[in-house]
Amino acid sequence: MEWISVKDRLPPYLRKCLVTNGDYVLTAWSKDEDPAWCGITYDTSEDVWIADVTHWMLLPDPPKE
């Protein structure tokens, strides 16, 4: 798996991804057709917007038993 630049392409709409701004790696999903990213949080039901995302990659499939 390799990082994909947001300048090259964006992930499919509403797919969960790993995203980075070069300093941090977070789990997020693509919210709109433009490079808008919503962070996945487990302690709140509010959307947390992530700015300055430069690269993304799809999450791998979970392990099978």
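The structure is a predicted model, in which local features need pLDDT of at least 70 and side-chain atom pairs count only at pLDDT 80 or more, whereas totals for chains, interfaces and linings use all residues. Residues are numbered from 1 along each chain as its sequence is written, and side-chain values use heavy atoms, with hydrogens and water left out. S3 and strand S4 (residues 37-39) run antiparallel and are joined by three bridges; two strands are taken to pair if DSSP finds at least two bridges between them.

On its other pairing, strand S3 (residues 25-30) meets strand S2 (residues 16-20) in the antiparallel sense over five bridges. Within this pairing Val19 stands opposite Leu26, and Thr20 has Val25 as its bridge partner. Strand S2 is also joined to strand S6 (residues 55-58), again in an antiparallel arrangement, by four bridges, and here Leu18 stands opposite Met57.

## Overall architecture

The secondary structure of the chain comes to zero helices and six strands, where helices (H or I, at least four residues) and strands (E, at least two) are DSSP runs numbered from the N terminus. The six strands form an open sheet with antiparallel pairing, in the order S1-S6-S2-S3-S4-S5. Strands S1 and S5 are the edge strands, each of which pairs on one side only. Strands of a sheet pair through backbone hydrogen bonds, either parallel or antiparallel.

Among contacts in the chain between residues at least 6 apart in sequence, 47% join residues at least 24 apart, a contact being defined by heavy atoms within 4.5 Å.

## Loops and backbone angles

The hairpin of S2 and S3 has four residues between the strands, and among them Gly22 takes a positive phi near 100 degrees. Tyr24 is also found in the loop between S2 and S3, and Tyr24 is exposed, with a relative accessible area of 58%; on this scale buried means under 20% relative accessible area, exposed over 50%, and partly exposed in between (1.4 Å probe, protein chains only).

Leu14 lies in the loop between S1 and S2 and has a positive phi of about 65 degrees although it is not a glycine. Leu14 is counted as partly exposed because its relative accessible area is 45%.

Leaving aside neighbours within four places in sequence, Ile4 is in contact with Arg9, Thr54, His55 and Trp56. Buried residues make up 26% of the 65 residues in the chain, which exposes about 5,100 Å², with carbon and sulfur atoms supplying 51% of that area; these accessible areas come from the Shrake-Rupley method with a 1.4 Å probe, and for residues only the protein chains shown count as cover.

Ser5 has its place in strand S1 and counts as buried because its relative accessibility is 15%. Not counting residues up to four places away in sequence, Ser5 touches Thr54, His55 and Trp56. The side chain of Ser5 also reaches the backbone nitrogen of Lys7 at 3.0 Å.

## Confidence

The chain averages a pLDDT of 82, and 82% of the residues score at least 70, pLDDT being the predictor's confidence in each residue, from 0 to 100. Confidence is highest in strand S1 (residues 4-5), at a mean of 94, and lowest in strand S5 (residues 48-50), at 73. Where pLDDT is low, the predicted coordinates should not be read in detail.

Conventions:
A polar contact is a pair of N or O atoms within 3.5 Å; within protein, one must be able to donate a hydrogen and the other to accept it, and residues adjacent in sequence count only if both atoms are side-chain atoms.
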